[in-house]
Amino acid sequence: MKKSKTFLLRDREPLQARFAMRITARLSESAEHMPHHIDERLRVARELALERARQARRSAAAEAATAVVPSGAGVASLSPRDVSP
């Protein structure tokens, strides 16, 4: 009888973790030998990506600031949570 090559989820997780560790180790080794100008460009790119992620989170939070507010008689309306006078 042949063994199935289909992996169960619980079988995949350790394989994925080992693969991730191998990739991480290889990237770390390569980073030690990287020229300074490339290292600097990557640092700036990381900072830009982090800033874009922060802006995306702020936008998502602003969109989530609207809530369904009951207005009586079984009717609901959308309004901002922080209503400034």
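Of the 85 residues in the protein, buried ones make up 1%, where buried means under 20% relative accessible area, exposed means over 50%, and partly exposed lies in between, with a 1.4 Å probe and protein chains only. This is a predicted model, in which local features need pLDDT of at least 70 and side-chain atom pairs count only at pLDDT 80 or more, while totals for chains, interfaces and linings use all residues. Residues are numbered from 1 along each chain as its sequence is written, and side-chain values use heavy atoms, with hydrogens and water left out.

Let me begin with confidence. The average pLDDT, the predictor's confidence in each residue on a scale from 0 to 100, is 78 for the protein, and 64% of the residues score at least 70. The elements run α-α-β-β from the N terminus on; helices (H or I, at least four residues) and strands (E, at least two) are DSSP runs, numbered from the N terminus. Among these elements, helix 2 (residues 36-64) has the highest mean pLDDT, 90, whereas strand 1 (residues 66-72) has the lowest, 57. Where pLDDT is low, the predicted coordinates should not be read in detail.

Now the surface. The protein exposes about 8,300 Å², of which carbon and sulfur atoms supply 60%, and accessible areas here come from the Shrake-Rupley method with a 1.4 Å probe, where for residues only the protein chains shown count as cover. Phe-19, Ile-23 and Leu-27 form a nonpolar patch on that surface, with about 310 Å² of accessible area together. Patches are made of residues with over 30% relative accessible area and no salt bridge, like charges being joined within 9 Å and nonpolar side chains (Val, Leu, Ile, Met, Phe, Trp, Tyr) within 5 Å. Leu-27 is found in helix 1 (residues 9-32), and it counts as exposed because its relative accessibility is 56%.

Next, the charged pairs. The structure holds five salt bridges, each defined as a side-chain nitrogen of Lys or Arg within 4 Å of a carboxyl oxygen of Asp or Glu. In helix 1, Arg-26 and Glu-29 lie three residues apart, about one turn of the helix, and their side chains meet in a salt bridge at 3.7 Å, N to O; Glu-29, at 45% relative accessibility, counts as partly exposed.

In helix 2, Glu-47 and Arg-43 are separated by about one helical turn because they are four residues apart, and the closest N and O atoms of their salt bridge are 2.4 Å apart. Both count as partly exposed, Glu-47 at 44% relative accessibility and Arg-43 at 31%. Glu-40, Arg-43 and Glu-47 are linked in a network of salt bridges. Finally, the side chains of Arg-58 and Glu-51 meet in a salt bridge at 3.8 Å, N to O, with Glu-51 partly exposed at 30% relative accessibility.
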